[in-house]
Amino acid sequence: MAIFQKLAKGPLAVHELAGTLPVSRPAVSQHLRVLKDAGLVTDIKDGTRRLYQLDPKGLALLRAHFDKVWDKAMSAFQASAEQPVIGEKHGTSRGRSRRP
Amino acid sequence: MAQAAEEAVVRKSVRVQATIERAFSVFVEQMETWWPADHHIGAQPFQAIFVEPRVGGRWYERDAQGNECNWGQVLAWGPPHGVTFSWHLGPDWKFNPDLAKASEVEIRFTSEGPAATLIELTHTKIERHGEGYEQLCAMLDSPNAWAGTLAAFARVFESQAGR
């Protein structure tokens with residue numbers, strides 16, 4: 001998935017991608033097509049050149065996934081951190097081994 | 001370029017009524033008390049989540065049978081002010097050991113009084129999970145994924161209505 005990471009830094013043409021990767025230009029083109037079909041990459045015209053860039057919508061979905069995960073986790077963390085310290089009384093702190 | 005970088009970051013902050021030491025301790029030593037139980041990567045639900053307290057330490061879950069699944073590793077360790085993890089779980093909740101394909105989660109703890117702590121979480125380099133994202137797309141399209149879950153959900157109501 002090196003292509004995806006290269007494009008995360010900014011739009012690139014096929015030959016620019018191929019020049020930095022140990023794969024052939026047709027292989028890069030084929031992978032770009034897959035990414036494009038998956039909605040992760042879009043192409044734009046820059047004069048006579050065709051540049052590929054990450055589709056902001058695809059990245060936004062990926063971001064939304066983690067956003068949701070952390071929303072849920074952080075509010076649960078807040079509740080847990082604000083619990084009275086009763087771990088010892090119930091034996092959850094010392095009673096259970098924390099040793100890996 | 002800047003836009004792509006900006007979008008691949010998730011920031012969260014929360015204030016808790018607890019000392020900085022307690023907030024840090026609950027975060028790294030009692031993660032199983034607050035981590036959403038459905039977000040496990042092992043076949044079975046986790047019983048405990050461990051963070052080895054050192055740079056390079058493992059971050060992993062363990063189920064009731066003792067099976068362990070890695071989540072990531074400790075990249076920076078500075079109790080009680082901060083900890084940084086590598087995050088190796090794509091949207092498919094599968095572990096990818098390749099550090100180059102892992103995102104990073106930095107958590108900063110700032111004391112705001114005797115019983116008040118600000119926790120700021122920054123999840124960066126999310127674009128590195130692009131591969132997982134492709135799988136997520138495939139999962140969403142497959143009948144076993146969300147559509148399937150919703151169908152099962154709908155069936156519960158249908159069976160109740162049929163009684």
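Residues 88-97 of chain A keep a pLDDT under 50, and the model has four contacts for them beyond four places in sequence. Here pLDDT is the predictor's confidence in each residue, from 0 to 100, and a contact means that two C-beta atoms, placed from the backbone, lie within 7 Å. Where pLDDT is low, the predicted coordinates should not be read in detail. This is a predicted model, in which local features need pLDDT of at least 70 and side-chain atom pairs count only at pLDDT 80 or more, while totals for chains, interfaces and linings use all residues. Residues are numbered from 1 along each chain as its sequence is written, with chains lettered from A and ligands numbered from 1 in the order in which they are written.

Let us stay with chain A for a moment. Its average pLDDT is 77, and 79% of its residues score at least 70. Confidence in chain A is lowest in helix α1 (residues 2-7), with a mean of 73, and highest in β1(A), at 92.

Chain A holds four helices and three strands, arranged from the N terminus on as α-β-α-α-β-β-α. Helices (H or I, at least four residues) and strands (E, at least two) are DSSP runs, numbered from the N terminus. Of the 100 residues in chain A, 20% are buried; buried means 20 or more other C-beta atoms within 10 Å of a residue's own, exposed means 12 or fewer, and partly exposed lies in between, with C-beta atoms placed from the backbone. Among the contacts in chain A with a separation of 6 or more, 34% link residues 24 or more positions apart.

The strands of chain A form an open, antiparallel sheet of three, in the order β1-β3-β2. Because β1 (12-13) and β2 (41-46) of chain A each have a single partner strand, they stand at the edges, with one side of each left without a neighbour in the sheet. Helix α3 (residues 25-37) of chain A packs on this sheet and touches β2 and β3 of chain A, its direction making about 110° with that of β2(A). Such angles run from 0 to 180 degrees between N-to-C directions, with axes fitted as lines to C-alpha atoms, for helices over the stretch in contact.

| Strand pair | Bridges | Facing residues |
|---|---|---|
| β2(A) and β3(A) | six bridges | Thr42(A) and Gln53(A) |
| β2(B) and β3(B) | five bridges | Phe50(B) and Tyr60(B) |

The hairpin of β2(B) and β3(B) has six residues between its strands, and Gly56(B) there takes a positive phi near 90°.

Now for the interior. A nonpolar core is a set of buried Ala, Val, Leu, Ile, Met, Phe, Trp, Tyr and Cys residues joined through C-beta atoms within 7 Å. The largest one has 29 residues, and Ala23(B), Phe27(B) and Met31(B) have the most contacts inside it. At least two residues of this core come from each of α4 (56-81) of chain A and α2 (20-29), β2 (46-51), β3 (58-63), β5 (82-87) and β6 (103-113) of chain B. Its largest share, six residues, is supplied by α2(B). Leaving aside residues up to four places away in sequence, Met31(B) touches Ile49(B) and Val51(B). Another core, of 18 residues, lies apart from it and includes Leu32(A), Leu40(A), Leu54(A) and Val69(A).

Finally, Trp93(B) sits in the loop between β5 and β6 of chain B. Trp93(B) counts as partly exposed because it has 16 C-beta neighbours inside 10 Å. Beyond four places in sequence, Trp93(B) touches His39(B) and Ile41(B). The C-alpha atoms of Trp93(B) and His40(B) are 7.5 Å apart, although 53 residues separate them along the chain.

Definitions and conventions. Pairing = 2+ DSSP bridges.
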